[in-house]
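Please look over the sequence and the structure shown here. A short report on the fold follows.

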Amino acid sequence: MPFTIIRNDITKLKVDAIVNAANTYLLMGGGVCGAIFEAAGADQLQAACDKLAPIETGEAVITPGFNLPATYIIHTAGPVYRGGGNGEESLLRACYINSLALAVKNNCGSIAFPLISSGIYGYPKADALRVATDAIRSFIIEHDIDVVLVVFDMAAFAISEKLLGEVESYIDEYYVDEQRSRRRELLDIESRILADADTIGLNMPLQQAREPMANMARSESRIGSSIDDAVGNLDEPFSATLLRLIDATGKRDSDIYNRANIDRRLFSKIRSNEHYAPSKPTVLAFAVALELSLEQTEDLLERAGFALSHSRKFDVIIEYFIRSRKYDIYTINEVLFTYDQPLLGG
């Protein structure tokens, strides 16, 4: 997907470029910066940085990745937070935009960022996340590049207490533990079987008891012989339904797949292959982008072979947002990330 958030070690990521939250002199520091220098090879990376230093706050420069899995390291100097009234937000935004532009200039198809300035530079984590998300979203609308934002803790996710409270209440009301649900379902089935067995065994002559079994065999035979007929009358496939829904909005394809956090190349596969089998998060991402109702979402899911279940927390969270008609996919993904659930997109 074009934009995703993960918890990971940025020095371990196999992307085209990782971003170093640097100081203006491009000297090895602590935190993420120190970890990147150590993983890349401190001496050789420092030698490369010395040729480019110093840089301005918000500027970005590029060096080889040396010993890292990443091909390049993009170094950008974030602002020190001094209360928010000294142009910090525009400088922080420039860090992301300039780094992304430099990555595209060097033919990078993927890039990973830390949350710039949110460590010893003191930028409030929630505000730093908002600036990062807004800058990345605006850039990827016009450029084909996959962006990963790497965070190490949940402190950055200061999602509104009202929203989290509403989601939590909805989960409490509708979420059914999968094991308990499955166990209850099995007990219900077993009870019906035992009741039927008692009825057949105690209240019917033997010949009558055999008749339901014979009827079942005849029914299975009829089902088998009708498979060919059923195949010829399948419902409209997922891809055809999706394209029809997009056309109905009057919007461009790119408007929808960008809103869905779907890669352009993936959308091209869906458009060109009517039998394409999408993942469930991809289907739900399109449902959100198209602002479908819950009934419409369930129909689109069914065409891809999926369904919503109250025994899955992921499904319950998505259901909450669709019922509430809250269709910002990045807000939804931040909540999903908070609950350690898969993100929407593809």
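## Overall picture

Of the 346 residues in the protein chain, 40% are buried. Here buried means under 20% relative accessible area, exposed means over 50%, and partly exposed lies in between, with a 1.4 Å probe and protein chains only. The model is predicted, so local features need pLDDT of at least 70, side-chain atom pairs count only at pLDDT 80 or more, and totals for chains, interfaces and linings use all residues. Residues are numbered from 1 along each chain as its sequence is written, and side-chain values use heavy atoms, with hydrogens and water left out.

The protein chain holds 15 helices and 6 strands. Both are DSSP runs numbered from the N terminus: helices are H or I with at least four residues, strands are E with at least two. The chain exposes about 18000 Å², and carbon and sulfur atoms supply 51% of that area. Accessible areas come from the Shrake-Rupley method with a 1.4 Å probe; for residues, only the protein chains shown count as cover. Contact means heavy atoms within 4.5 Å. Among contacts between residues at least 6 apart in sequence, 69% join residues at least 24 apart.

## The sheet

In what order do the strands of the open sheet stand? The order is β1-β6-β5-β2-β4-β3, and the pairing is mixed. β1 (3-7) and β3 (60-64) stand at the edges with a single partner strand each, so one side of each has no neighbour in the sheet. From one strand to the next, the twist averages 25 degrees. Angles run from 0 to 180 degrees between N-to-C directions, and axes are lines fitted to C-alpha atoms, for helices over the stretch in contact.

Two strands pair if DSSP finds at least two bridges between them.

| Strands | Sense | Bridges | Residues standing opposite |
|---|---|---|---|
| β3 and β4 | antiparallel | 5 bridges | proline 64 and tyrosine 72 |
| β1 and β6 | parallel | 5 bridges | arginine 7 and valine 151 |
| β5 and β6 | parallel | 5 bridges | proline 114 and valine 150 |

Is β6 enclosed or open to the outside? In β6, 5 of the 6 residues are buried, so the strand is largely enclosed by the rest of the structure.

## Helices on the sheet

Helix α3 (residues 88-105) lies across β2, β3, β4, β5 and β6 (146-151). The helix runs at about 155 degrees to β5.

Alanine 94 has its place in helix α3. This alanine is partly exposed, with a relative accessible area of 23%. Leaving aside neighbours within four places in sequence, alanine 94 is in contact with Gly58 and Ser99. Alanine 132 is 38 residues away along the chain, and its C-alpha atom is separated from that of alanine 94 by 9.9 Å.

## A helix pair

Helix α12 (residues 280-289) packs with helix α13 (residues 294-303) at an angle of about 145 degrees. Their axes are 10 Å apart. From α12, the contact uses Lys280, Val283, Leu284 and Ala287; from α13, Thr297, Leu300 and Leu301. By class, this contact has 5 nonpolar, 1 polar and 1 charged residues. Nonpolar covers Ala, Val, Leu, Ile, Met, Phe, Trp, Tyr, Cys and Pro; charged covers Asp, Glu, Lys and Arg; the others, Gly among them, count as polar.
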